Amino acid sequence: MDHRYEGKATFAGALHKMNKELTKAAKTLTSEETINGFTDKAQGAFAFDTVKKTVVKATSHEHGPPKEKHVQTLLSMAREKQNMQAVFQELFVRLRGKDATVALKTIMVFHRLLKEAPTSAGLYKMMLSNIHEFRLPNFLDDSTHESISASQMVRNYALYMEEKLMCVKQCGFEYDKDSNASVSHIEKASPELLMKDAKALMALMEAGYKCSCERQHAVHTTSIAAFSLIFKDMRILYQCQNKSLLRLLENYFESPKFIAQKILGMYKEFLKHNSKMSKLLEAAKELLGAESVDLQTPPPAFLESLEAYLLEDEAQPQKPKQEEAPAAPVIQLTELIGPVGNLSVSEKAPEKPKDPFDDLFGGDMPPAPPAAAAASSARSAPPAPVAAAGADLLGDVFGSAPPAASMPAQSGGGDLMGGLGGGGLASMTPHQQSGGNMMDSNPF
């Protein structure tokens, strides 16, 4: 027997069905998403400014990435300086709101303007002057569970954009814009410049690691779209960091120790980034369906060789100290010359032997100057004629030139006076021929 109810539709049933549909429509109309959607459309309709209308449509409350046509319109507007200021002003107004979806889409528009603009120098300059707008440590949208998760992404994404601006300011180059241009820049840069830029790149990568959202309980669709933009930058930054480190390691073992110490610190830091990048690649595979990439690291022996180079000076054995030679033994005087006996030793200086020339000149001669002093005086004073010097000397002693008959040993005196007077030049010594004093060549 068939027990299905085949009653006819009644008026009460129709009213109940109509009431149910109206309640459903009322909930839909009064939902937050619908109200926000109506608000966006109303702002766009009543906005007479084209820039404001485009910004509102690009950063709407609708989940997902900004619409491509609105982003391209903003890119074309940003080429002119006046429109650029207007675009940035409207975007900062949208960023100050309390909705996580709008904030994420606003930061994504900023990100794409910097990355896809043909000349981004003016954009960076204007954004650096308003860098405080990206400091959102207390941002929170607690309307839904998804909004709470998206609020965390807003805070991390804003920090990443702040580090991106500071990195370009310190390096003076956009490493994450074009991989080919970045590799060419690294090959031409000096090692000092690469070490300076590496610190800014590592800080930017640390901010990028925090933007992963694979462990969140409720993943926001707009958060996934923001993560895709960050992941594209992180791949280029990792490649640049790898190329820079390889260039620095080429001349590691020829570098000074203080330079090698910095390069070793960068290499150890890069090993930590390698493990963090592996986790980011796994998150990209889960959220974006990216290909699995296995990052390989050098063997531990390579790190040991780098550390051994810094320890070479300390490991070298020190040279043994030279032992001092033993002092010579003291030998007694009696062992050398025998017994002294009745030898008396006087403390007085020994008497000078009598000079034969004392009788000739009639008295003791003044002591001759030392050899070094005589030689220096002889070099400094011009040489005097020998004959004149001899005549003056004898004149001082005798008062006048002595007669030849009064001199003893005339033959010897004749030779001497001949030498002084210039008649015996052939028989004079070389010193006498040069005009030196006769007393200097005294053989006694």
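Visitor: Which residues of α10 are buried?

Guide: Happy to start there, and please keep in mind that this is a predicted model. Buried here means under 20% relative accessible area. In α10, that applies to L194, M195, D197, A198, A200, L201, M202, L204, M205, A207, G208 and Y209.

Visitor: What covers the buried residues of α10?

Guide: Contact is counted for heavy atoms within 4.5 Å. The cover includes α8 (145-171), α9 (179-188), α11 and α12.

Visitor: How far does α10 reach from its first C-alpha to its last?

Guide: Helix α10 spans residues 191-209, which gives it 19 residues. At 1.5 Å a residue, 27 Å would be expected. The model comes close to that, with a reach of 26 Å.

Visitor: Are α11 and α12 roughly parallel or roughly antiparallel?

Guide: Helix α11 (residues 221-250) packs against helix α12 (residues 257-287) at an angle of about 150 degrees, their axes lying 10 Å apart. Angles over 145 degrees count as roughly antiparallel. Therefore α11 is, relative to α12, roughly antiparallel.

Visitor: How many nonpolar residues are in the contact of α11 with α12?

Guide: The contact draws on both helices, including F227, F231 and L245 of α11 and M266, F270 and L281 of α12. By class, three of its residues are polar, one is charged, and the nonpolar ones number 18.

Visitor: Is H61 buried or exposed?

Guide: H61 sits in the loop between α3 (50-58) and α4 (68-77). The cut-off for burial is under 20% relative accessible area. With a relative accessibility of 19%, H61 therefore counts as buried.

Definitions and conventions: Residues numbered from 1 in each chain as written. Predicted model: local features only at pLDDT ≥ 70, side-chain atom pairs only at ≥ 80, totals over all residues. Heavy atoms only, no water. Axes fitted to C-alpha atoms, helices over the stretch in contact; angles between N-to-C directions. Helix = DSSP H or I, 4+ residues; strand = E, 2+ residues; numbered from the N terminus. Parallel < 35°, antiparallel > 145°, perpendicular 65-115°, else oblique. Nonpolar A, V, L, I, M, F, W, Y, C, P; charged D, E, K, R; others polar. Buried < 20%, exposed > 50% of the residue type's maximum accessible area, 1.4 Å probe, protein only. Expected span 1.5 Å × (residues − 1).
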